[in-house]
Amino acid sequence: MSMARKPSTPLHITVTGCPVDPMIAGISVFLLLYGLVMVGSASLEIGAKTYHDPFYLLTRHSAYLVLSAIAAVAAISVPIKMWQKYDALLLALSLFVLAVVLVPGIGKEVNGSTRWIPLGPFSFQGSEFVKLFIMMYMAGYLVRRKDEIETSLSGFSKPFVVLTLIVLLLLAQPDFGAAIVIISAAMGMIFLAGVPIRFFLPLVALCVSAVALIATLQPYRLARFTAFVDPWEHQFGSGYQLTQALIAFGRGEWIGLGLGNSIQKLFFLPEAHTDFLFSIIAEELGIVGAGLVIILFAWLVVRGLAVGNAARRCELLFHAYLAYGIALVIGIQASVNLGVNLGILPTKGLTLPFMSYGGNSLIVSCMMIAVLLRIDFETRQVAEVETRGKRNHG
């Protein structure tokens, strides 16, 4: 069985240059600060009306950023081999947190969904952490079963038994958006791992059919799809949120109305500081401000995939697959959120990574970036070992 090569030289060599990838770190910090400013702008009115404090939500968001920074420091301190060692435990933990939230009296219901476990002033949303844990499990499986996956349909199919169970638990909450992100990212990881097309294409067809079936089985999902097709026909019903988002884009034009001058955030657009923050960005900062967000996310994803390719060249397969998974989760979730705001996709309850209000999403997004930075650091360590070895033998 093909396994990731272990470097013969201990990894205590100092990496030359910046210890973290400046592109990944810089873009992530910029998006976090960009989001902080826009959450502050979008939440002032709702904070004043609902909590009698215009800065209530901004203060909480700032506290979440501090927690996210602590989580990121903790995550970047963990060697990648530790995540690989305990990938099965992380899978079990994922199943546990998704199941326990469904237990009556434990899970907290908000807007018809039971996704949160109240922990004092903080609500724990297990599905956010599962996105990272499942990518770690998938990376470990792809390394352990590399030969089997590439040659056997059964080896290729086994991880989807686990993924199906995860998806069923997510749909029970329900959290259709998280299920889409996890399945799509897992499929992307498998494709990038080099699985034969003859196995991969039937899987894509099966998954697309299953998603289409699930999307039309529930009346509220069907209503969202109907509103997505023609939101203006249902602008005072199921299409209300989307039409208000599109109005925000229309108001913003090229350079926007100016920071803080959004009209749609004045209780016209629901969830203006969470799922539809991008619409407020477009209204206040125009196509220029919204376009910058799209470019930065695209740049971050490309850089994440490049880190995976670098790890693969060093034969650090778990590092490579995990980097792919993290980049895909961030890219897919951002794409879905942006697509919903732009009216390209039906409405989903997914936040914009790094930017939207929400503690769990911020913490997990920062943890993902921290793990990606650790992958890049360890990959460069191995590259330094190999380079010095070649020089010594040259």
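First, the ground rules. The model is predicted, so local features need pLDDT of at least 70 and side-chain atom pairs count only at pLDDT 80 or more, while totals for chains, interfaces and linings use all residues. Numbering runs from 1 along each chain as its sequence is written, and side-chain values use heavy atoms, with hydrogens and water left out.

Salt bridges, then. How many does the structure hold? Nine. A salt bridge here is a side-chain nitrogen of Lys or Arg within 4 Å of a carboxyl oxygen of Asp or Glu.

Take Arg-144 and Asp-87. Their side chains meet at 2.6 Å, N to O. Arg-144 sits in helix α5, residues 126–144. Asp-87 sits in helix α4, residues 87–100. Helices are DSSP runs (H or I, at least four residues), numbered from the N terminus. Buried or partly exposed? Asp-87 is buried, at 3% relative accessibility. Arg-144 is partly exposed, at 31%. The cut-offs: buried is under 20% relative accessible area, exposed is over 50%, partly exposed is in between (1.4 Å probe, protein chains only).

Next, Arg-251 and Glu-283. This salt bridge spans 3.9 Å, N to O. Arg-251 belongs to helix α11 (residues 240–252) and Glu-283 to helix α12 (residues 277–313), so the bridge ties together parts 32 residues apart in sequence. Glu-283 is buried, at 0%. Arg-251 is partly exposed, at 34%.

Now a pair within one helix. Glu-378 and Arg-374 form a salt bridge, with the closest N and O atoms 2.8 Å apart. Both lie in helix α14 (residues 359–393), four residues apart, which means about one helical turn between them.

Helix α13 covers residues 317–342. The two pack at about 165°, axes 8 Å apart. Axes are lines fitted to C-alpha atoms over the stretch in contact, and angles run from 0 to 180 degrees between N-to-C directions. So α12 is roughly antiparallel to α13, a term for angles over 145 degrees. The crossing is left-handed: the near helix is turned anticlockwise from the far one by less than a right angle.

What classes of residue make the contact of α12 with α13? There are 19 nonpolar, eight polar and one charged. Nonpolar covers Ala, Val, Leu, Ile, Met, Phe, Trp, Tyr, Cys and Pro; charged covers Asp, Glu, Lys and Arg; the others, Gly among them, are polar.

Technical notes. Angles under 35 degrees count as roughly parallel, over 145 as roughly antiparallel, 65 to 115 as roughly perpendicular and the rest as oblique.
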